[in-house]
Amino acid sequence: MENVHILTQRVSGRGDFLPFSAEHSPTNEITETHELVAELQTSLVIEDVLAIYAKFAKQLLNFSGLQFQSTLGTAQTSQSDTNSTPYIFDLAINKDHLGQLIYFSKFPLGQAIEKKLHTLHTALVYPLRNAMMYSRVLKLATKDALTGLNNRSQFNDFLLQKLENCRRYQRPFSLMLLDLDNFKQVNDNFGHKIGDDTLKEFSKVLCSSIRGTDSVFRFGGDEFALLIEDPEFTTNKVVAERIMCLVRKSPLMSKYKVTTSIGFTLANSQDCETEIFARADKGLYKAKASGRNCAKAY
């Protein structure tokens, strides 16, 4: 883990603080920069850091949108209008390139404004880098490294929240457990690279088979789960059929004769996490006992 850099330096004899590399400015600019530094350190969420920064940058440039593009993706301030002219700045700490900060503005950027923005950037880069580090750590803690799906730890949190909503607000849901038939033979006979490709292909199948309100998880190996925002057996059957159909149509999975077995159950207000999981697992066992490549309810 990288060290968190100190963000400010004392200006001799005045007691004020400036970001490193900033030139001495009039007192009001020094005060504003100090306030910016202080506010930027109140959050480790990239979008929040951008929103705080935008409030200060708006005093220099009337922009309609602000984006930050990095290896983590694109983050932007709320209600950003990106139809205006983009003005792009590379943000870096020494030789560590963080990404590009993009202002969208109908008004041109003069040299004086650009210089002042560069000064603000020196206050932004360290809090932004810290937020990026936090985002990466959070992703490692909650995401499966191979497929990018939510992991078992995240599933446990989601399931507890769903059960609480079911009890308190009468919002029932469904739990579906899935694993891959013949997957061990793929690893044994063709190697782990093909096995990994198969798992990633199945992850895509699952993501394309659900709605935006549903959630997909990988527990490890070839074990997966879905939390479905619908308490009807018919909905589960439709989702299961869709998954099995896409598996059959997948050239990769068909080539290695990989299919899927599925078990599902509906939640009720008296359920705890072990009870609902046990029922879905029994459904999965029924599917395996019925010859695999099918879905069974319990």
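# Helix crossing and salt bridges

Biologist: Which helix axes come within 10 Å, and at what angle do they cross?
Modeller: The axes of helix α4 (residues 152-169) and helix α9 (residues 273-289) come within 10 Å and cross at roughly 110°. Helices here are DSSP runs of H or I with at least four residues, numbered from the N terminus. Axes are lines fitted to C-alpha atoms over the stretch in contact, with angles from 0 to 180 degrees between N-to-C directions.

Biologist: Are α4 and α9 roughly parallel or roughly perpendicular?
Modeller: Roughly perpendicular, a label for angles of 65 to 115 degrees.

Biologist: What is the model, and how are residues numbered?
Modeller: It is a predicted model, where local features need pLDDT of at least 70 and side-chain atom pairs pLDDT 80 or more, while totals for chains, interfaces and linings use all residues. Residues are numbered from 1 along each chain as its sequence is written, and side-chain values use heavy atoms, without hydrogens and water.

Biologist: How many salt bridges are there?
Modeller: The whole structure has 13, each a side-chain nitrogen of Lys or Arg within 4 Å of a carboxyl oxygen of Asp or Glu.

Biologist: Which residue does E164 pair with?
Modeller: E164 bridges to R168, with the closest N and O atoms 2.8 Å apart. The two are four residues apart in α4, so about one helical turn separates them.

Biologist: Is R168 buried or exposed?
Modeller: R168 is exposed, at 54% relative accessible area; exposed means over 50%, buried under 20%, and partly exposed in between, with a 1.4 Å probe and protein chains only.

Biologist: And R279, what does it bridge to?
Modeller: R279 pairs with D271, at 2.8 Å between the closest N and O atoms, and both residues are buried.

Definitions and conventions: Parallel < 35°, antiparallel > 145°, perpendicular 65-115°, else oblique.
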